[in-house]
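Let's walk through this one together, going from the overall make-up down to single residues.

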Amino acid sequence: MKHLVVFCAALALAACESIPELPPQTEGGPAWEQHQAALGKLTQWRIEGRLAVNNGDEAWNINLRWQQNGDAYQIELSGPFGTGKVQLVGDAQGVLLRDADQKTFYASSAEELLFQQTGVLMPVTGLRYWVLGLPTPHHVSQPGFDQQGRLVTLQQADWRVVFRRYTEVNAIPLPD
């Protein structure tokens, strides 16, 4: 099973005392509905961070820069020290990939294009929502929620997403 953990560039300070974790709830309740409504209003955002991907046999880290504006996005991915840099520029109509040698490729699916050109299987469509702490719309999911109605785990499209911590940005809790 594939595991995906999204880390933002911010550092979080750990408390001196540990509090026992409660098991995730399967229902988010009214707090989740309010949280979803607030997140649904975010149409423009930017994130920089790292992805840690583990498929059981292999694990790797990818540096990520993502800018979203409605349906349009620009994503830069690179390995350690900027190696293997690729750029994805797309919208609802399709996506263009530019590799480190400035060669360009085009397809209708970012996931397929990225895999064909780099061998990296990354759920670009899902990540658009997961980085906000939302499940991908119109896909079956198995969510787990914390006491504040935020996602802490999500099983969707053969991916397991773990949201380890949140931080407030403009009074909206977002995965950190």
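A word on ground rules first. This is a predicted model, where local features need pLDDT of at least 70 and side-chain atom pairs count only at pLDDT 80 or more, while totals for chains, interfaces and linings use all residues. Residues are numbered from 1 along each chain as its sequence is written, and side-chain values use heavy atoms, with hydrogens and water left out.

The protein has three helices and twelve strands; these are DSSP runs numbered from the N terminus, with helices being H or I of at least four residues and strands being E of at least two. Of its 176 residues, 38% count as buried, where buried means under 20% relative accessible area, exposed means over 50%, and partly exposed is in between (1.4 Å probe, protein chains only). The protein exposes about 10,900 Å², and carbon and sulfur atoms supply 51% of that; accessible areas come from the Shrake-Rupley method with a 1.4 Å probe, and for residues only the protein chains shown count as cover. Among contacts with a separation of 6 or more, 42% are between residues 24 or more positions apart, a contact being heavy atoms within 4.5 Å.

Now for the hairpins. Strands S2 (residues 44–54) and S3 (residues 59–69) pair in the antiparallel sense over eleven bridges; pairing requires that DSSP finds at least two bridges between the strands. Glu 48 stands opposite Arg 65 in S3. Four residues sit between the two strands, and in this hairpin Gly 56 takes a positive phi near 95 degrees. Have a look at Arg 50 as well, which is in S2 and counts as partly exposed at 41% relative accessibility.

Which residues touch the most other members of the largest nonpolar core? Of its 37 residues, they are Trp 66, Ile 75, Leu 77, Leu 88, Leu 114, Met 122 and Val 124. The largest share of this core, four residues, comes from S2. A nonpolar core here is a set of buried Ala, Val, Leu, Ile, Met, Phe, Trp, Tyr and Cys residues joined through side-chain atoms within 4.5 Å. Not counting residues up to four places away in sequence, Val 124 touches Trp 66, Ile 75, Leu 88, Ala 110, Glu 111 and Leu 114.

That brings us to H2 (residues 110–118), where Ala 110, Leu 113 and Leu 114 are buried. They cover an arc of only 95 degrees around the axis, so they lie on the same side of H2; the arc is that of the directions from the helix axis to the C-beta atoms. Glu 112 and Gln 116, on the other side, are exposed. The cover over the buried residues includes S4, S5 (86–91), S6, S7 and H3 (124–130).

His 35 lies in H1 (residues 29–40) and is buried, with a relative accessible area of 7%. Leaving aside neighbours within four places in sequence, His 35 is in contact with Gly 149, Arg 150, Tyr 166 and Pro 173.

Finally, two loop residues. Most residues other than glycine have a negative phi. Asp 158, not a glycine, has a positive phi of about 65 degrees; Asp 158 lies in the loop between S9 (151–156) and S10 (159–162) and is exposed at 58% relative accessibility. Asn 170, also not a glycine, has a positive phi of about 50 degrees. Asn 170 lies in the loop between S11 (166–169) and S12 (172–175) and is exposed, with a relative accessible area of 74%.
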